[in-house]
Amino acid sequence: MSETTYPNYSPGLQGVIGGVTSISKITVEESRLEYRGYNVHDLASQGSFEETAYLLLKGELPNAAELAEFNKTLDSERSIPTEVITALKSCAKGTHPMDMLKAAYSVLSGFDPDYNADPTDHDANIRKAIRILAKAPTIVTAAYQISQGKEPIAPKAGLRTASNFLYMLHGSEQDDYTELVMDASLTLYAEHTYNASTFACRVCVATLSDIYSGIVTGIGTLKGPLHGGANEEAMAMLMEIGTPENAEPWLRDALATKKKIMGFGHREYKVGDGRAIYLTEVAKEIGRRKGNTKWGDIADIMEKIMREEKNIYPNVDFPAAYAYYLLGIPIELYTPIFVMARVSGWSAHAIEQLDNNRLIRPSCIYEGKLDLKYVPIQDR
Ligand SMILES: CC(C)(COP(=O)(O)OP(=O)(O)OC[C@H]1O[C@@H](n2cnc3c(N)ncnc32)[C@H](O)[C@@H]1OP(=O)(O)O)[C@@H](O)C(=O)NCCC(=O)NCCS
(Lines give C-alpha, C1' and ligand atoms only; values in the text may rest on other atoms or scores of the structure.)
Protein backbone atom coordinates (compact mmCIF):
# COMPACT_ATOMS: atom_id res chain seq x y z
CA MET A 1 0.00 0.00 0.00
CA SER A 2 1.33 3.42 -0.94
CA GLU A 3 -1.13 5.08 1.44
CA THR A 4 1.23 7.67 2.96
CA THR A 5 1.90 9.30 -0.41
CA TYR A 6 -1.66 10.60 -0.89
CA PRO A 7 -2.24 14.25 -0.02
CA ASN A 8 -4.98 15.03 2.55
CA TYR A 9 -4.96 11.45 3.78
CA SER A 10 -3.91 10.43 7.28
CA PRO A 11 -3.60 6.67 7.91
CA GLY A 12 -5.67 5.67 10.92
CA LEU A 13 -7.26 9.15 10.68
CA GLN A 14 -4.45 10.35 12.98
CA GLY A 15 -4.79 14.08 13.60
CA VAL A 16 -8.04 14.29 11.61
CA ILE A 17 -10.81 16.24 13.34
CA GLY A 18 -13.84 13.94 13.21
CA GLY A 19 -16.40 16.15 14.94
CA VAL A 20 -17.21 18.68 17.63
CA THR A 21 -18.06 17.72 21.21
CA SER A 22 -18.64 19.33 24.59
CA ILE A 23 -18.36 16.06 26.52
CA SER A 24 -14.63 15.76 27.17
CA LYS A 25 -11.27 17.28 26.31
CA ILE A 26 -7.72 15.98 26.31
CA THR A 27 -4.92 18.53 26.82
CA VAL A 28 -2.02 16.51 25.47
CA GLU A 29 0.85 18.70 26.71
CA GLU A 30 -0.44 18.49 30.28
CA SER A 31 -1.66 14.86 30.12
CA ARG A 32 -4.97 16.27 31.33
CA LEU A 33 -8.46 14.91 30.71
CA GLU A 34 -11.59 16.89 31.52
CA TYR A 35 -15.19 15.70 31.48
CA ARG A 36 -17.40 18.68 30.67
CA GLY A 37 -14.75 20.98 32.13
CA TYR A 38 -13.96 19.00 35.30
CA ASN A 39 -10.53 17.42 35.72
CA VAL A 40 -11.00 13.64 35.79
CA HIS A 41 -8.45 13.45 38.61
CA ASP A 42 -10.78 15.50 40.86
CA LEU A 43 -13.81 13.45 39.81
CA ALA A 44 -12.02 10.14 40.51
CA SER A 45 -10.42 11.16 43.79
CA GLN A 46 -13.31 13.16 45.28
CA GLY A 47 -16.53 12.18 43.53
CA SER A 48 -18.41 9.00 42.72
CA PHE A 49 -18.83 7.21 39.39
CA GLU A 50 -22.55 8.02 39.48
CA GLU A 51 -21.80 11.76 39.75
CA THR A 52 -19.59 11.40 36.69
CA ALA A 53 -22.20 9.43 34.76
CA TYR A 54 -24.82 12.08 35.60
CA LEU A 55 -22.40 14.80 34.48
CA LEU A 56 -21.69 13.05 31.19
CA LEU A 57 -25.34 12.36 30.41
CA LYS A 58 -26.94 15.56 31.67
CA GLY A 59 -24.13 18.09 31.23
CA GLU A 60 -23.88 19.33 34.84
CA LEU A 61 -22.79 17.84 38.16
CA PRO A 62 -25.82 16.85 40.26
CA ASN A 63 -26.61 18.43 43.64
CA ALA A 64 -27.22 16.06 46.57
CA ALA A 65 -30.96 15.68 45.88
CA GLU A 66 -30.41 15.08 42.14
CA LEU A 67 -27.73 12.49 42.84
CA ALA A 68 -29.95 10.71 45.37
CA GLU A 69 -32.76 10.60 42.80
CA PHE A 70 -30.37 9.37 40.09
CA ASN A 71 -29.06 6.60 42.37
CA LYS A 72 -32.64 5.64 43.22
CA THR A 73 -33.49 5.33 39.51
CA LEU A 74 -30.35 3.27 38.84
CA ASP A 75 -31.28 1.03 41.77
CA SER A 76 -34.76 0.43 40.37
CA GLU A 77 -33.35 -0.40 36.91
CA ARG A 78 -30.57 -2.85 37.88
CA SER A 79 -32.30 -6.16 37.21
CA ILE A 80 -32.35 -7.76 33.75
CA PRO A 81 -35.10 -9.79 32.04
CA THR A 82 -34.80 -13.57 32.25
CA GLU A 83 -34.69 -13.59 28.41
CA VAL A 84 -31.32 -11.82 28.62
CA ILE A 85 -30.05 -14.47 31.04
CA THR A 86 -31.34 -17.16 28.68
CA ALA A 87 -29.48 -15.49 25.79
CA LEU A 88 -26.29 -15.42 27.85
CA LYS A 89 -26.76 -19.11 28.65
CA SER A 90 -27.15 -19.83 24.93
CA CYS A 91 -23.63 -18.58 24.14
CA ALA A 92 -21.13 -21.28 23.21
CA LYS A 93 -18.83 -22.48 26.00
CA GLY A 94 -15.63 -20.46 25.89
CA THR A 95 -17.31 -17.32 24.48
CA HIS A 96 -15.46 -14.25 25.77
CA PRO A 97 -17.57 -12.15 28.18
CA MET A 98 -17.24 -9.20 25.74
CA ASP A 99 -19.08 -11.19 23.09
CA MET A 100 -21.67 -12.18 25.67
CA LEU A 101 -22.20 -8.48 26.46
CA LYS A 102 -22.97 -7.77 22.79
CA ALA A 103 -25.60 -10.52 22.87
CA ALA A 104 -27.06 -9.25 26.15
CA TYR A 105 -27.48 -5.64 25.02
CA SER A 106 -28.94 -6.76 21.67
CA VAL A 107 -31.60 -8.83 23.42
CA LEU A 108 -32.16 -6.16 26.07
CA SER A 109 -32.95 -3.44 23.53
CA GLY A 110 -36.38 -4.85 22.65
CA PHE A 111 -37.37 -4.91 26.34
CA ASP A 112 -36.69 -1.19 26.80
CA PRO A 113 -40.02 0.63 27.38
CA ASP A 114 -38.79 3.31 24.96
CA TYR A 115 -37.83 0.79 22.26
CA ASN A 116 -40.18 2.36 19.70
CA ALA A 117 -39.30 5.97 20.51
CA ASP A 118 -37.91 8.13 17.72
CA PRO A 119 -34.09 7.69 17.74
CA THR A 120 -33.66 11.47 18.06
CA ASP A 121 -36.01 11.79 21.07
CA HIS A 122 -33.59 13.32 23.60
CA ASP A 123 -35.59 12.50 26.73
CA ALA A 124 -36.22 8.91 25.64
CA ASN A 125 -32.51 8.57 24.88
CA ILE A 126 -31.59 9.76 28.38
CA ARG A 127 -34.01 7.21 29.87
CA LYS A 128 -32.51 4.46 27.70
CA ALA A 129 -28.97 5.53 28.66
CA ILE A 130 -29.84 5.29 32.37
CA ARG A 131 -31.23 1.77 31.88
CA ILE A 132 -28.15 0.75 29.88
CA LEU A 133 -25.92 2.10 32.65
CA ALA A 134 -27.92 0.61 35.53
CA LYS A 135 -27.96 -2.87 34.02
CA ALA A 136 -24.26 -2.95 33.06
CA PRO A 137 -22.90 -4.47 36.32
CA THR A 138 -25.75 -7.01 36.31
CA ILE A 139 -25.03 -8.03 32.72
CA VAL A 140 -21.24 -8.16 33.18
CA THR A 141 -21.43 -10.34 36.28
CA ALA A 142 -24.20 -12.53 34.85
CA ALA A 143 -22.05 -13.16 31.76
CA TYR A 144 -19.11 -14.05 33.97
CA GLN A 145 -21.04 -16.35 36.35
CA ILE A 146 -22.66 -18.15 33.39
CA SER A 147 -19.27 -18.53 31.66
CA GLN A 148 -18.11 -20.25 34.87
CA GLY A 149 -21.10 -22.61 34.82
CA LYS A 150 -22.75 -20.77 37.73
CA GLU A 151 -26.07 -19.00 38.22
CA PRO A 152 -26.01 -15.18 38.13
CA ILE A 153 -26.36 -13.38 41.46
CA ALA A 154 -29.18 -10.82 41.55
CA PRO A 155 -28.31 -7.17 42.27
CA LYS A 156 -28.68 -5.98 45.85
CA ALA A 157 -30.85 -2.92 46.45
CA GLY A 158 -29.05 0.11 47.78
CA LEU A 159 -25.62 -0.72 46.39
CA ARG A 160 -24.04 1.54 43.76
CA THR A 161 -22.43 0.48 40.47
CA ALA A 162 -19.01 -0.48 41.85
CA SER A 163 -20.24 -2.10 45.06
CA ASN A 164 -23.07 -3.96 43.30
CA PHE A 165 -20.62 -5.25 40.67
CA LEU A 166 -18.32 -6.58 43.42
CA TYR A 167 -21.30 -8.05 45.26
CA MET A 168 -22.64 -9.85 42.17
CA LEU A 169 -19.14 -11.07 41.34
CA HIS A 170 -18.14 -12.40 44.77
CA GLY A 171 -21.54 -13.07 46.36
CA SER A 172 -20.69 -10.76 49.26
CA GLU A 173 -19.98 -7.09 49.80
CA GLN A 174 -16.31 -6.10 49.72
CA ASP A 175 -14.34 -3.75 51.97
CA ASP A 176 -14.63 0.03 51.57
CA TYR A 177 -11.20 0.44 49.98
CA THR A 178 -11.88 -2.18 47.29
CA GLU A 179 -15.18 -0.44 46.47
CA LEU A 180 -13.43 2.93 46.41
CA VAL A 181 -10.78 1.74 43.95
CA MET A 182 -13.34 0.08 41.70
CA ASP A 183 -15.46 3.24 41.75
CA ALA A 184 -12.47 5.48 40.90
CA SER A 185 -11.41 3.19 38.05
CA LEU A 186 -14.93 3.41 36.58
CA THR A 187 -14.69 7.20 36.63
CA LEU A 188 -11.31 7.06 34.87
CA TYR A 189 -12.67 4.68 32.23
CA ALA A 190 -15.98 6.52 31.70
CA GLU A 191 -15.13 8.75 28.78
CA HIS A 192 -12.28 9.65 26.44
CA THR A 193 -13.20 11.91 23.49
CA TYR A 194 -13.18 10.40 19.99
CA ASN A 195 -11.49 7.07 20.78
CA ALA A 196 -12.16 4.18 18.41
CA SER A 197 -15.20 2.71 20.18
CA THR A 198 -16.84 6.09 20.81
CA PHE A 199 -16.32 7.13 17.22
CA ALA A 200 -17.73 3.78 16.05
CA CYS A 201 -20.74 4.33 18.34
CA ARG A 202 -21.30 7.79 16.84
CA VAL A 203 -20.99 6.42 13.29
CA CYS A 204 -23.61 3.81 14.15
CA VAL A 205 -26.22 6.14 15.65
CA ALA A 206 -25.60 8.79 12.97
CA THR A 207 -27.43 6.50 10.52
CA LEU A 208 -30.43 7.12 12.83
CA SER A 209 -29.98 3.72 14.34
CA ASP A 210 -30.63 3.53 18.10
CA ILE A 211 -28.51 3.88 21.25
CA TYR A 212 -28.50 0.12 21.96
CA SER A 213 -27.02 -0.52 18.50
CA GLY A 214 -24.43 2.16 19.26
CA ILE A 215 -23.56 0.39 22.53
CA VAL A 216 -23.20 -2.98 20.80
CA THR A 217 -20.96 -1.34 18.18
CA GLY A 218 -18.91 0.22 20.98
CA ILE A 219 -18.49 -3.11 22.78
CA GLY A 220 -17.31 -4.85 19.60
CA THR A 221 -14.82 -2.07 18.93
CA LEU A 222 -13.56 -1.92 22.51
CA LYS A 223 -12.81 -5.64 22.55
CA GLY A 224 -9.63 -5.38 20.46
CA PRO A 225 -6.22 -5.42 22.19
CA LEU A 226 -5.20 -2.10 20.62
CA HIS A 227 -8.11 -0.52 22.54
CA GLY A 228 -9.92 -1.83 25.65
CA GLY A 229 -8.56 -5.37 25.38
CA ALA A 230 -5.14 -4.00 26.33
CA ASN A 231 -5.84 -4.25 30.08
CA GLU A 232 -6.29 -8.04 29.86
CA GLU A 233 -3.25 -8.40 27.60
CA ALA A 234 -1.18 -6.23 29.94
CA MET A 235 -1.93 -8.56 32.88
CA ALA A 236 -1.12 -11.62 30.78
CA MET A 237 2.22 -9.96 29.96
CA LEU A 238 2.95 -9.10 33.62
CA MET A 239 2.21 -12.70 34.60
CA GLU A 240 4.51 -13.99 31.88
CA ILE A 241 7.27 -11.71 33.19
CA GLY A 242 6.56 -13.02 36.67
CA THR A 243 9.36 -11.38 38.71
CA PRO A 244 11.07 -7.98 38.93
CA GLU A 245 14.38 -9.67 38.01
CA ASN A 246 12.89 -10.89 34.75
CA ALA A 247 11.35 -7.53 33.80
CA GLU A 248 14.40 -5.95 32.14
CA PRO A 249 15.58 -8.98 30.08
CA TRP A 250 11.98 -9.77 29.04
CA LEU A 251 11.30 -6.20 27.95
CA ARG A 252 14.59 -5.71 26.11
CA ASP A 253 14.02 -8.95 24.25
CA ALA A 254 10.44 -7.92 23.40
CA LEU A 255 11.59 -4.53 22.11
CA ALA A 256 14.38 -6.14 20.07
CA THR A 257 11.80 -8.33 18.37
CA LYS A 258 9.50 -5.32 17.79
CA LYS A 259 6.74 -6.58 20.07
CA LYS A 260 4.01 -4.10 21.06
CA ILE A 261 4.12 -3.71 24.83
CA MET A 262 0.53 -3.83 26.03
CA GLY A 263 -0.58 -0.97 28.26
CA PHE A 264 1.97 1.43 26.77
CA GLY A 265 1.56 4.13 24.17
CA HIS A 266 -1.39 6.20 23.11
CA ARG A 267 -2.62 7.84 19.92
CA GLU A 268 -3.23 11.16 21.69
CA TYR A 269 -1.01 11.32 24.78
CA LYS A 270 2.66 11.46 23.95
CA VAL A 271 4.07 12.58 27.32
CA GLY A 272 1.95 10.35 29.56
CA ASP A 273 -1.66 9.50 30.23
CA GLY A 274 -2.86 11.42 33.31
CA ARG A 275 -5.30 8.63 34.16
CA ALA A 276 -2.39 6.21 34.36
CA ILE A 277 -0.42 8.52 36.67
CA TYR A 278 -3.31 8.60 39.15
CA LEU A 279 -4.18 4.90 38.85
CA THR A 280 -0.51 3.89 39.30
CA GLU A 281 -0.54 5.59 42.74
CA VAL A 282 -3.75 3.71 43.58
CA ALA A 283 -2.45 0.36 42.29
CA LYS A 284 0.73 0.70 44.33
CA GLU A 285 -1.28 1.53 47.45
CA ILE A 286 -3.35 -1.64 46.93
CA GLY A 287 -0.08 -3.57 46.60
CA ARG A 288 1.18 -2.14 49.91
CA ARG A 289 -2.12 -2.88 51.67
CA LYS A 290 -2.10 -6.45 50.34
CA GLY A 291 1.61 -6.95 51.13
CA ASN A 292 2.31 -7.63 47.45
CA THR A 293 4.43 -4.96 45.77
CA LYS A 294 5.76 -7.28 43.06
CA TRP A 295 3.56 -5.99 40.23
CA GLY A 296 4.32 -2.37 41.07
CA ASP A 297 8.06 -3.19 41.11
CA ILE A 298 7.84 -4.88 37.69
CA ALA A 299 5.85 -1.90 36.41
CA ASP A 300 8.49 0.60 37.64
CA ILE A 301 11.25 -1.23 35.77
CA MET A 302 9.19 -1.45 32.57
CA GLU A 303 8.12 2.19 32.71
CA LYS A 304 11.73 3.38 33.14
CA ILE A 305 13.02 1.31 30.21
CA MET A 306 10.10 2.25 27.94
CA ARG A 307 10.70 5.93 28.70
CA GLU A 308 14.46 5.70 28.10
CA GLU A 309 14.38 3.46 25.04
CA LYS A 310 11.17 4.50 23.24
CA ASN A 311 9.93 7.67 24.97
CA ILE A 312 6.62 5.83 25.42
CA TYR A 313 4.58 6.06 28.63
CA PRO A 314 2.02 3.71 30.20
CA ASN A 315 -1.65 4.28 29.44
CA VAL A 316 -4.52 3.71 31.89
CA ASP A 317 -4.74 0.01 31.03
CA PHE A 318 -1.33 -0.77 32.53
CA PRO A 319 -1.99 0.15 36.19
CA ALA A 320 -5.64 -0.92 35.82
CA ALA A 321 -4.43 -4.43 34.99
CA TYR A 322 -2.46 -5.04 38.18
CA ALA A 323 -4.84 -2.98 40.33
CA TYR A 324 -7.71 -5.29 39.31
CA TYR A 325 -5.49 -8.35 39.73
CA LEU A 326 -4.60 -7.31 43.28
CA LEU A 327 -8.31 -6.79 43.99
CA GLY A 328 -8.97 -10.39 42.93
CA ILE A 329 -10.91 -9.56 39.76
CA PRO A 330 -10.79 -12.35 37.13
CA ILE A 331 -8.71 -11.20 34.14
CA GLU A 332 -11.42 -11.87 31.56
CA LEU A 333 -13.54 -9.24 33.29
CA TYR A 334 -11.08 -6.35 32.88
CA THR A 335 -12.42 -5.24 29.49
CA PRO A 336 -16.08 -5.84 30.47
CA ILE A 337 -15.44 -3.55 33.49
CA PHE A 338 -14.29 -0.94 30.97
CA VAL A 339 -17.69 -1.39 29.24
CA MET A 340 -19.51 -0.97 32.56
CA ALA A 341 -17.93 2.49 32.82
CA ARG A 342 -17.78 3.49 29.16
CA VAL A 343 -21.49 2.94 28.50
CA SER A 344 -21.87 6.36 30.15
CA GLY A 345 -19.49 8.03 27.67
CA TRP A 346 -20.85 6.14 24.67
CA SER A 347 -24.41 7.10 25.59
CA ALA A 348 -23.47 10.75 26.09
CA HIS A 349 -21.83 10.78 22.65
CA ALA A 350 -24.73 8.96 21.01
CA ILE A 351 -27.16 11.54 22.44
CA GLU A 352 -24.91 14.45 21.43
CA GLN A 353 -24.70 13.00 17.91
CA LEU A 354 -28.45 12.43 17.63
CA ASP A 355 -29.27 15.89 19.03
CA ASN A 356 -27.50 17.48 16.05
CA ASN A 357 -27.14 14.69 13.56
CA ARG A 358 -25.35 14.38 10.24
CA LEU A 359 -24.53 11.03 8.64
CA ILE A 360 -20.84 10.18 9.08
CA ARG A 361 -19.50 8.93 5.78
CA PRO A 362 -15.89 9.70 4.91
CA SER A 363 -14.37 9.32 1.45
CA CYS A 364 -11.55 7.00 0.50
CA ILE A 365 -8.90 6.70 -2.15
CA TYR A 366 -9.32 3.85 -4.60
CA GLU A 367 -6.10 2.19 -5.66
CA GLY A 368 -7.39 -0.98 -7.31
CA LYS A 369 -7.74 -1.81 -11.01
CA LEU A 370 -10.07 0.09 -13.36
CA ASP A 371 -11.73 -0.36 -16.76
CA LEU A 372 -11.46 -4.16 -16.79
CA LYS A 373 -13.43 -5.99 -19.47
CA TYR A 374 -16.13 -8.30 -18.07
CA VAL A 375 -15.55 -11.86 -19.31
CA PRO A 376 -18.60 -14.20 -19.11
CA ILE A 377 -18.07 -16.92 -16.51
CA GLN A 378 -17.90 -19.79 -19.04
CA ASP A 379 -14.97 -18.03 -20.73
CA ARG A 380 -12.83 -17.46 -17.61
C1 LIG B 1 -2.30 2.66 21.48
C2 LIG B 1 -1.57 2.46 20.16
C3 LIG B 1 -2.41 1.57 19.26
C4 LIG B 1 -1.38 3.83 19.51
O5 LIG B 1 -0.89 3.57 18.30
P6 LIG B 1 -0.50 4.64 17.17
O7 LIG B 1 -0.83 6.02 17.57
O8 LIG B 1 -1.09 4.13 15.93
O9 LIG B 1 1.05 4.53 17.18
P10 LIG B 1 1.87 3.45 16.42
O11 LIG B 1 1.34 2.09 16.73
O12 LIG B 1 1.94 3.85 14.99
O13 LIG B 1 3.27 3.63 17.11
C14 LIG B 1 4.22 4.64 16.81
C15 LIG B 1 5.59 4.10 17.13
O16 LIG B 1 5.66 3.80 18.53
C17 LIG B 1 5.85 2.40 18.74
N18 LIG B 1 4.94 1.98 19.77
C19 LIG B 1 3.74 2.50 20.09
N20 LIG B 1 3.20 1.84 21.09
C21 LIG B 1 4.06 0.89 21.45
C22 LIG B 1 4.06 -0.12 22.42
N23 LIG B 1 3.02 -0.27 23.23
N24 LIG B 1 5.12 -0.95 22.50
C25 LIG B 1 6.16 -0.81 21.67
N26 LIG B 1 6.23 0.13 20.71
C27 LIG B 1 5.19 0.96 20.61
C28 LIG B 1 5.46 1.74 17.41
O29 LIG B 1 6.12 0.52 17.24
C30 LIG B 1 5.90 2.77 16.43
O31 LIG B 1 7.29 2.69 16.28
P32 LIG B 1 7.98 2.85 14.84
O33 LIG B 1 7.62 4.24 14.42
O34 LIG B 1 9.40 2.61 15.13
O35 LIG B 1 7.32 1.81 13.99
C36 LIG B 1 -0.20 1.81 20.40
O37 LIG B 1 0.57 2.61 21.26
C38 LIG B 1 -0.33 0.41 20.94
O39 LIG B 1 -0.52 -0.54 20.19
N40 LIG B 1 -0.23 0.22 22.30
C41 LIG B 1 -0.39 -1.06 22.90
C42 LIG B 1 -1.86 -1.38 23.09
C43 LIG B 1 -2.50 -0.56 24.17
O44 LIG B 1 -1.99 -0.44 25.27
N45 LIG B 1 -3.67 -0.02 23.85
C46 LIG B 1 -4.47 0.76 24.79
C47 LIG B 1 -4.53 2.18 24.38
S48 LIG B 1 -5.37 3.15 25.61
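Trainee: How far does a polar side-chain atom of Asn315 lie from an oxygen atom of the ligand?

Mentor: This is a predicted model, in which local features need pLDDT of at least 70, side-chain atom pairs count only at pLDDT 80 or more, and totals for chains, interfaces and linings use all residues. Residues are numbered from 1 along each chain as its sequence is written, and side-chain values use heavy atoms, leaving out hydrogens and water. A polar contact here is a pair of N or O atoms within 3.5 Å. Between the side chain of Asn315 and the ligand oxygen, the distance is 2.9 Å.

Trainee: Which residue has a polar backbone atom 2.9 Å from an oxygen atom of the ligand?

Mentor: A polar side-chain atom of Lys260 lies 2.9 Å from a ligand oxygen, but that atom is not in the backbone. The backbone atom at 2.9 Å belongs to Gly263.

Trainee: What share of the ligand's accessible area does the protein cover?

Mentor: Accessible areas come from the Shrake-Rupley method with a 1.4 Å probe. On its own the ligand has 850 Å² of accessible area.

Trainee: How many charged residues are in the shell around the ligand?

Mentor: A residue is near the ligand if one of its heavy atoms lies within 4 Å of it, and there are 19 residues around the ligand, of which Ile261, Gly263, Phe264, Arg267 and Asn315 come nearest. Asp, Glu, Lys and Arg count as charged; Ala, Val, Leu, Ile, Met, Phe, Trp, Tyr, Cys and Pro count as nonpolar, and the others, Gly among them, as polar. The shell divides into eight nonpolar and five polar residues, with the charged ones numbering six.

Trainee: What is the order of the strands in the open sheet?

Mentor: Strands (E, at least two residues) and helices (H or I, at least four) are DSSP runs numbered from the N terminus, and two strands pair if DSSP finds at least two bridges between them. E1 (residues 24-27) and E2 (residues 32-35) pair antiparallel over four bridges, while two bridges join E2 to E3 (residues 38-39), also antiparallel. The three strands of the sheet have the order E1-E2-E3.

Trainee: Which strands are the edge strands?

Mentor: An edge strand pairs on one side only. In this sheet the edge strands are E1 and E3.

Trainee: Which residue in the turn between E2 and E3 has a positive phi?

Mentor: The hairpin of E1 and E2 has four residues between the strands, and there Ser31 takes a positive phi near 50 degrees. The hairpin of E2 and E3 has two residues between the strands. The turn residue with a positive phi, of about 45 degrees, is Arg36.

Trainee: Is Thr193 buried or exposed?

Mentor: Thr193 is found in the loop between helix H8 (176-189) and helix H9 (196-205), and its phi is positive, near 45 degrees. Buried means under 20% relative accessible area, exposed over 50%, and partly exposed in between (1.4 Å probe, protein chains only). Because its relative accessible area is 13%, Thr193 is buried.

Technical notes:
Polar contact = N/O pair within 3.5 Å; in protein donor to acceptor, adjacent residues only side chain to side chain.
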